[in-house]
Amino acid sequence: MNSTMAYDGHCAEIVTQTGLLASCLREEDADLTATVPSCPDWNLAQLLHHLGEAHRWVEEIVRTRADRPPPDTALRVLPRDTTESPAEVADWLTEGAALLAATLRATNPDSRLWTPFPSGSPRFFARRMAHETVIHRADAALALGADFTVGQPVAVDALDEWMALGSLPEMFDFHPDRRALLGPGRTLHFHATDTPPDAAADWLVDLTGDTLAWRRAQEPAAVSVHGPLTDLLLLIYGRVPADRATFEITGDAELLEFWLARVQFG
C-alpha cells in the first residue's frame, strides 16, 4: 500500500502521538477507571495498556523478523483494575513507543517478516502503529473530555491507510457481511472542508463493482459528507456519529449509515 508519508515519518509519529497522549494523561490527572465511549467495553486503563502492549508486540515482531505472530494475550486480555497512577502509565507508554520507533529505524524497512495483511515488511507496521496510536489518542481524549486534533499530513495518510486496508479482498474472508455493501449506484464521497486544494482531501468510496474500492477524487456520489478533516477521520473510524453538527450530509444518508455500520475496525 503506497503511503503519502515516509517510513521515518511514521516512526516519528509513533513517538509524537504517544507523547501527546502521555501529556494529556498528566495534564488531565486522568481517571483510569473512566469508560471509553468509543470503545465501551474498555475503561481508560485497558485502552492504554492495549496500546502499550501493541507497541511492544510489534517491536518483538520487527526485532526478531518473526515469520509468525507471537502470542498477543497481553494486548487482548486487559484487567479493568490498576494500581498505577496516570503518570506511571504515561511513562510506560512513552517508553514502549520509543523502543518500537528505535527498532523500526534500526531495521531495513523492506525486510521480510510476518504481517497480518499483505506487505510482509516493517513498512506495514510503522504505518499501522502510527495511526493506531493516533486513533487511540482520540479514544483517550473522548474518555477525558479533552480536545483532539491531528495534523493534516497524518490525518490524510491515516484515512488513506484506512481506505486501503478496508478495500483488501481478504476483508470479505474476515467479514463476509460486507458483501452486502455492494450494489448499483452505491458511492460515497468525503470532503475535508479545512484543507487547501493541493491536499486533495477527497475520498470516493465505490461499492458498485465486485469489490470494495476507493480513490482520491472529488466526484458526484449517492451521498456526500463535508466536514473538518479531523472530524472525518473520527467519523470513518467510528469514533463520532454522523449527526455531529460539523458535518454537512447531502444525498442518501441511509447508505452512509449502512456503510459505517459495517466497515468499522481499529
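Biologist: In which sense do strand β2 and β3 pair, and over how many bridges?

Modeller: Keep in mind that this is a predicted model. Here β2, residues 202–206, and β3 run in the antiparallel sense and share three bridges. To see the pairing at residue level, find valine 205, which stands opposite tryptophan 214 in β3.

Biologist: Thanks! What is the order of the strands in the sheet?

Modeller: Reading across, the order is β3-β2-β1-β4-β5, an open sheet of five strands with mixed pairing. The edges are β3 (213–215) and β5 (248–251); each has a single partner strand, so one side of each is left without a neighbour in the sheet. From one strand to the next, the twist averages 15 degrees.

Biologist: Which strands does helix α6 touch?

Modeller: Helix α6, residues 152–166, packs on the sheet and touches β1 (187–192), β2 and β3. Its direction makes about 10 degrees with that of β2. Now look for helix α8, residues 229–236: α8 lies across β1, β2 and β4 (223–227), at about 145 degrees to β1.

Biologist: And helices against helices: at what angle do α2 and α4 cross?

Modeller: Angles under 35 degrees count as roughly parallel. The axes of α2 (residues 44–64) and α4 (residues 86–105) cross at roughly 25 degrees and come within 9 Å, which makes α2 roughly parallel to α4. Their crossing is left-handed.

Biologist: Which residues make that contact?

Modeller: Among them are Leu48, Leu51 and Val58 of α2, and Trp92, Leu93 and Leu100 of α4. By class, the contact has 11 nonpolar, five polar and five charged residues.

Technical notes
Residues numbered from 1 in each chain as written. Predicted model: local features only at pLDDT ≥ 70, side-chain atom pairs only at ≥ 80, totals over all residues. Heavy atoms only, no water. Pairing = 2+ DSSP bridges. Helix = DSSP H or I, 4+ residues; strand = E, 2+ residues; numbered from the N terminus. Axes fitted to C-alpha atoms, helices over the stretch in contact; angles between N-to-C directions. Contact = heavy atoms within 4.5 Å. Parallel < 35°, antiparallel > 145°, perpendicular 65-115°, else oblique. Left-handed = near helix turned anticlockwise from the far one by under 90°. Nonpolar A, V, L, I, M, F, W, Y, C, P; charged D, E, K, R; others polar.
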